[in-house]
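I opened the model and its sequence side by side today. Below are my notes, entry by entry.

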Amino acid sequence: MNDFIGKVNDSITRHGMLEQGGKVIVALSGGADSVALLVSLHELGYECIAAHCDFHLRGEESERDRMYAAKIAAEYASGYKEIHFDVEAYKKEHGVSTEMACRDLRYKWFRDLSAEYGGIPVAIAHHHDDNIETMLLNLLRGTGITGLTGIKYINGIFIRPMLDCRRPEVEAFLKERDIDFMTDSTNLISDVKRNKLRNIVIPMLREEFPDADKGLTTTLHNMRDTAALYSSLIDDATSRYLNDGEISLSIIDDNPENAVTILYETVKAYGFNSSHAADIITACKSPTSSGKRFLSPTHSIIINRGNLIVEELCKKSLPEKYIIDLDNPLSLPEWLTIERVGRSQFRPDRTGNTIYLDPSVLDGSPVFTLRHRHDGDRIAPFGMKGSRLVSDIFSDAKLSLRDKDAAWLLTRDDTILWIAGMRASRHFAVTPETSDIIALHYHK
């Protein structure tokens with residue numbers, strides 16, 4: 001077996017990427033790497049479906065690549081798929097760079113294609129040199145342990161059987177079999193960071209340090225082992241502090257030197273970075289920090305009574321306010337029901353889950369609203385004189401900030417009649433003369 005194909009086969013076997021003779025989608029650009037991957041998988045007996053993306057970014061060169069991909073696929077693949085993308089339209093819609101637009105578009109299509117074929121793997125032609133570039137690029141940008149582990153052999157449906165192969169081995173393999181490949185001229189221009197690394201920096205490193213590849217590869221393997229151990233320790237640490245969207249602030253006292261790191265690892269899945277974590281830890285040490293809120297693109301974190309409450313930013317299907325009609329049950333949200341009851345059915349509810357109203361509440365064409373709290377809200381509680389701040393009632397009930405924000409208030413014009421599930425007001429209360437009673441029931 002050829003050395004190159006032997007390395008590809010060893011990688012597939014060692015990492016359990018494919019079942020022998022199984023079906024696999026091969027990302028085929030027409031360049032040397034993807035052509036070598038297709039040919040080697042074909043020779044190893046796998047059923048390949050070649051998939052080509054045409055981004056229409058390089059004029060005639062793009063068309064040349066597309067035609068060659070279709071030609072080589074006819075020889076080495078059992079099926080061929082191609083797709084055409086409008087990259088400029090995607091960039092404008094999503095506000096991303098050309099590089100990110102192409103990446104987003106092709107990987108989404110690969111996932112869709114995999115699903116079309118029953119979830120089969122998608123083989124990507126990244127090799128050893130790409131891995132070194134990725135590690136160095138991450139290092140220069142500033143990264144943690146994970147960024148120094150390089151490209152994964154398996155990442156979900158994506159497999160990379162060529163990560164143990166060098167670029168010269170790829171070209172030698174194709175030359176040996178007299179197989180052509182296309183060259184992307186933009187890769188030869190050192191105008192972006194990756195190309196500068198590939199064309200200038202890494203060749204200089206290899207010239208000055210002949211064992212550079214060996215040392216960098218050793219570092220990659222060491223960092224993968226370190227990352228695995230780090231991940232295990234972090235999982236153990238975060239499980240002690242994270243519970244149902246709340247993070248205990250004992251994380252600070254228990255880990256005075258590593259609190260920022262552990263918090264960052266706990267909240268990074270919610271879109272927060274290490275700077276956010278540092279700011280949160282600093283804020284938590286202040287005696288007046290309760291109620292302070294921090295935002296990521298997708299979530300908020302609120303400091304509240306010894307905990308951090310993590311909430312998703314509103315992509316809620318339910319509105320924040322309802323205008324309701326007490327004569328029309330269809331206008332009510334699903335968690336609220338209404339009925340008319342006689343005097344004999346009247347049972348005062350001290351839980352706050354039901355409010356009974358005299359029908360005079362409907363006089364004068366009032367507007368009824370269900371909404372969340374506002375600063376300064378006051379209610380005149382049934383059975384009490386005067387009024388109270390809604391915020392004080394929440395505090396007495398020891399509600400978390402999350403529960404305070406989620407509570408619903410029923411208002412008649414500007415008057416609060418009910419804190420659903422907690423307290424009714426004395427406005428429009430049932431009297432001995434009331435016979436036709438309006439009952440609203442809150443279903444938590």
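**Entry: N304**

Is N304 buried or exposed? I am working from a predicted model, so its features carry that label. I looked up the location before the accessibility. N304 is found in strand β10. Its relative accessibility is 8%, so N304 counts as buried; the cut-off for buried is under 20%. Next I listed what N304 touches. Leaving out residues up to four places away in sequence, I found S290, I309, S400 and L401.

**Entry: the sheet around β10**

I traced the sheet that holds β10. It is an open sheet of five strands, in the order β7-β8-β11-β10-β9, and the pairing is antiparallel. The edge strands are β7 (242–243) and β9 (293–295), and each of them pairs on one side only. I also checked what lies against the sheet. Helix α12 (residues 274–284) packs on it and touches β9, β10 (299–304) and β11. The direction of α12 makes about 180° with that of β9.

β8 (residues 246–248) and β11 (residues 307–312) run antiparallel and are joined by three bridges. For E246, the bridge partner in β11 is I309. I had already noted I309 as a residue that N304 touches.

**Entry: α9 against α11**

How do the axes of α9 and α11 cross? Helix α9 spans residues 212–241 and helix α11 spans residues 259–267. Their axes come within 10 Å and cross at roughly 90°. The two helices are therefore roughly perpendicular to each other. I wrote down the contact residues. From α9 they are Y230, I234, A237 and T238; from α11 they are T261, I262, E265 and T266. By class, I get four nonpolar, three polar and one charged residues in this contact.

**Entry: the largest nonpolar core**

I looked for the largest nonpolar core and found 39 residues in it. F4, V24 and L41 have the most contacts inside this core. Several elements each supply at least two residues: α1 (3–15), β1 (23–27), α2 (32–43), β2 (47–54), α3 (60–76) and α7 (167–176). Helix α2 gives the most, with seven residues.

Setting aside its neighbours within four places in sequence, F4 is in contact with A36, S40, M162, C165, E169, V170 and F173.

**Entry: L332**

Where does L332 lie? I found L332 in the loop between β12 (322–324) and β13 (336–341). Its relative accessibility is 11%, so L332 counts as buried. Beyond its neighbours within four places in sequence, L332 is in contact with I324, T337, I338 and L440. I also took a distance. L332 and S395 are 63 residues apart along the chain, and their C-alpha atoms are separated by 28 Å.

I checked phi at two aspartates. For D178, phi is near 55°, a positive value in a residue other than glycine. D178 is found in the loop between α7 and α8 (193–208). D178 has a relative accessible area of 69% and is therefore exposed.

For D413, phi is near 55°, again in a residue other than glycine. D413 is found in the loop between β18 (409–412) and β19 (415–419). At 42% relative accessibility, D413 counts as partly exposed.

Notes: Residues numbered from 1 in each chain as written. Predicted model: local features only at pLDDT ≥ 70, side-chain atom pairs only at ≥ 80, totals over all residues. Heavy atoms only, no water. Axes fitted to C-alpha atoms, helices over the stretch in contact; angles between N-to-C directions. Helix = DSSP H or I, 4+ residues; strand = E, 2+ residues; numbered from the N terminus. Parallel < 35°, antiparallel > 145°, perpendicular 65-115°, else oblique. Contact = heavy atoms within 4.5 Å. Nonpolar A, V, L, I, M, F, W, Y, C, P; charged D, E, K, R; others polar. Pairing = 2+ DSSP bridges. Core = buried A, V, L, I, M, F, W, Y, C linked by side-chain atoms within 4.5 Å. Buried < 20%, exposed > 50% of the residue type's maximum accessible area, 1.4 Å probe, protein only.
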